[in-house]
Each structure stands twice: as C-alpha cells, then as structure tokens.
Amino acid sequence: MPEDLKRINKYLSEAGYCSRREADKLIDAGRVTINGTVPEMGTKVGPNDEVHVDGKLIKNTKDTFVYLAFNKPIGIVCTTDTRVEKDNIIDFIKYPKRIFPIGRLDKPSEGLILLTDDGDIVNKILRASNNHEKEYVVTVDKPISQTFITRMSGGIYLDELKQTTKKCEVEKLSKYSFRIVLTQGLNRQIRRMCDYLNYEVLTLKRVRIMNIVLDTPVGEYRELTQDEFKELSSLLEHSKMNYQTKSEKNK
C-alpha cells in the first residue's frame with residue numbers, strides 16, 4: 001500500500017475528531033462514509049478521499065493539538081454523545097474546539113480527567129499493558145483497618161469481572177480515607193474492591209494521571225504546561241499504540 005494511505009480510524013483520530021476506538025464505533029454504526037460509501041473496518045483512506053461523519057466533511061488539517069486537565073465535578077458524565085446525555089462533559093466545558101476525554105470517571109466520582117483532540121495519545125494512555133499510574137483519594141463508610149489496606153494492595157478477585165486486580169500501592173490517610181495508585185482500569189474497580197471487603201465508597205477523587213496532578217478548582221480546566229507535556233511524552237515514548245476492544249471503564 002502507498003505510504004500516504006492510512007486506516008480510517010487513524011485518519012479520524014489524527015483529524016482530531018475522536019479517538020481510534022470511538023472511530024471504530026462510528027464506523028460499526030454506519031455513521032462514517034468514504035466518498036459516499038459506508039466503509040468496512042480497517043478501510044484505508046488516501047489524500048484525495050472525502051470522509052464524512054453523519055454527513056459532515058472531516059478534513060485532516062490539524063497542526064497543533066489541545067491538551068487539557070479538567071477537574072470533573074460529581075454528576076458530570078464522561079461522554080461525547082451530547083444527544084443522549086444532557087450532563088455530558090463536552091457541554092459542561094464548552095471548549096471552542098472539538099475535544100474528547102481520555103478514559104472515564106463515573107458520574108458519582110470527581111477529579112482529574114484529561115481531554116484532547118489528539119487521538120493517538122488517547123490510545124497510548126488507555127492501553128492497559130502500558131501500566132500508567134492513576135492516583136485516587138477515597139473515603140469509605142467505616143474505619144479503615146490494616147487488613148483492609150493489606151487486602152486492597154495485594155489484589156482482589158472480582159468474581160463479576162472474572163479477574164484479580166493487580167497489586168497496587170495503598171496508604172491510609174485518616175480513619176475513613178485512603179489513597180490508592182492503580183495501573184489498570186477495570187470497570188468500577190475501586191468501588192468493586194471496597195464492596196468485596198464490605199466497605200462502601202462515599203467519595204472518590206482522582207488526583208493524578210501519570211505526571212499530571214490535579215490543581216484546579218472543581219469544574220475548571222487548564223492547558224498542560226510545556227514541561228508537563230514534555231514529561232508526559234517521555235513517559236509515553238515506549239507505550240504501545242494498539243488498544244484492547246474493551247475501553248477503560250469508570251472506576
């Protein structure tokens with residue numbers, strides 16, 4: 001194949017329309033066309049092809065990307081589907097360019113989430129095998145015991161997911177709160193782990209993603225600094241860009 005051909009999902013991610021996995025969903029739903037024809041998954045696009053999503057022409061003319069650190073409030077949903085979810089993150093932020101969240105925080109959780117229009121960096125960060133750290137501060141409904149800390153850090157088998165959580169760093173902060181550093185993103189992982197040990201999560205806040213630390217008020221965002229992005233890029237340098245079919249789910 002000529003070098004100027006690229007897969008349709010890569011084309012849409014490089015154009016800043018969405019991540020590759022979101023592009024695959026759009027393709028699977030028949031919402032993407034190439035020169036007026038609905039493509040198969042993996043179809044390649046050339047420089048003279050016209051790509052439309054929901055009838056809108058998508059041009060890959062990007063030269064710079066947007067990288068935001070946002071302090072998500074409780075009640076906001078990390079979805080770009082503004083037609084279905086009224087409390088979505090996109091309408092809340094109202095950023096002037098099309099952006100999408102990297103990963104998820106579930107509706108009752110708060111804290112740091114990154115948003116961008118760079119589809120490739122999304123894949124690198126979300127790839128579970130890349131072992132990128134995400135740190136959380138959690139409060140629970142009863143006093144935290146040493147047994148709780150030991151069990152949480154050692155790995156817990158989640159029957160409903162049919163797998164054991166990876167060993168992780170857990171530290172007691174107060175009688176009812178602890179911090180935990182995860183390198184995987186199983187569906188509602190922290191809540192499921194606590195529930196297994198008969199603890200109920202009252203609050204869950206993500207305070208760090210890799211080298212990016214939460215430092216903005218709730219409901220506000222900022223752009224990543226040059227130093228932050230340089231370090232982030234360095235951490236991602238050897239990350240695999242392939243991704244699993246199941247996206248990272250909410251904690």
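I begin with one side chain: that of Arg-208 makes a polar contact with the side chain of Glu-133 at 2.9 Å. By polar contact I mean a pair of N or O atoms within 3.5 Å; within protein, one must be able to donate a hydrogen and the other to accept it, and residues adjacent in sequence count only if both atoms are side-chain atoms. The side chain of Arg-208 makes a further polar contact, at 2.8 Å, with the side chain of Glu-135.

Some remarks on the basis of these values. The model is predicted, with local features requiring pLDDT of at least 70 and side-chain atom pairs counting only at pLDDT 80 or more, while totals for chains, interfaces and linings use all residues. Residues are numbered from 1 along each chain as its sequence is written, and side-chain values use heavy atoms, with hydrogens and water left out.

Is Arg-208 buried or exposed? Arg-208 counts as buried because its relative accessible area is 15%, where buried means under 20%, exposed over 50% and partly exposed in between, with a 1.4 Å probe and protein chains only. Arg-208 belongs to strand S14. Strands (E, at least two residues) and helices (H or I, at least four) are DSSP runs, numbered from the N terminus.

Strand S14, residues 201-209, runs antiparallel to S9, and 7 bridges join them. Two strands are said to pair if DSSP finds at least two bridges between them. S9 is also joined to strand S13, residues 177-182, by 6 bridges, again antiparallel. Val-138 stands opposite Leu-204 in S14, and its bridge partner in S13 is Phe-178. Strand S9, residues 134-140, is mostly covered, with 5 of its 7 residues buried.

I turn to another sheet. Which strands form it, and in what order? The sheet is open and has 3 strands, in the order S2-S4-S5, with antiparallel pairing. Its edge strands, each pairing on one side only, are S2 (32-34) and S5 (56-58). From one strand to the next, the twist averages 35 degrees; axes are lines fitted to C-alpha atoms, for helices over the stretch in contact, and angles run from 0 to 180 degrees between N-to-C directions. S4, residues 51-53, pairs with S5 over 3 bridges, and Val-51 stands opposite Ile-58 in S5.

Next, the largest pocket. It holds about 780 Å³ of space. On a 1 Å grid over the protein atoms alone, a pocket is an open set of points with protein on both sides within 12 Å along at least five of seven lines, and lining residues have an atom within 4 Å of a point. Its lining comprises 30 residues, with Glu-22, Thr-79, Thr-80, Asp-81 and Arg-98 nearest the centre. Helix H2 (20-28), strand S7 (100-101) and helix H4 (119-126) each give two or more residues to the lining, and H2 gives the most, with 4. The lining divides into 11 nonpolar, 6 polar and 13 charged residues.

Helix H4 is itself mostly covered, as 7 of its 8 residues are buried; among them are Asp-120, Ile-121 and Leu-126.

Finally, Leu-235 lies in helix H7, residues 226-236. Leu-235 counts as partly exposed because its relative accessibility is 43%. Its C-alpha atom is separated by 8.6 Å from that of His-132, 103 residues apart along the chain.

Key:
1 Å grid on protein atoms, 1.4 Å probe; cavity = no way out; pocket = protein on both sides within 12 Å on 5 of 7 lines; lining within 4 Å. Points joined across faces, edges and corners; volume = space filled by probe spheres on them. Nonpolar A, V, L, I, M, F, W, Y, C, P; charged D, E, K, R; others polar.
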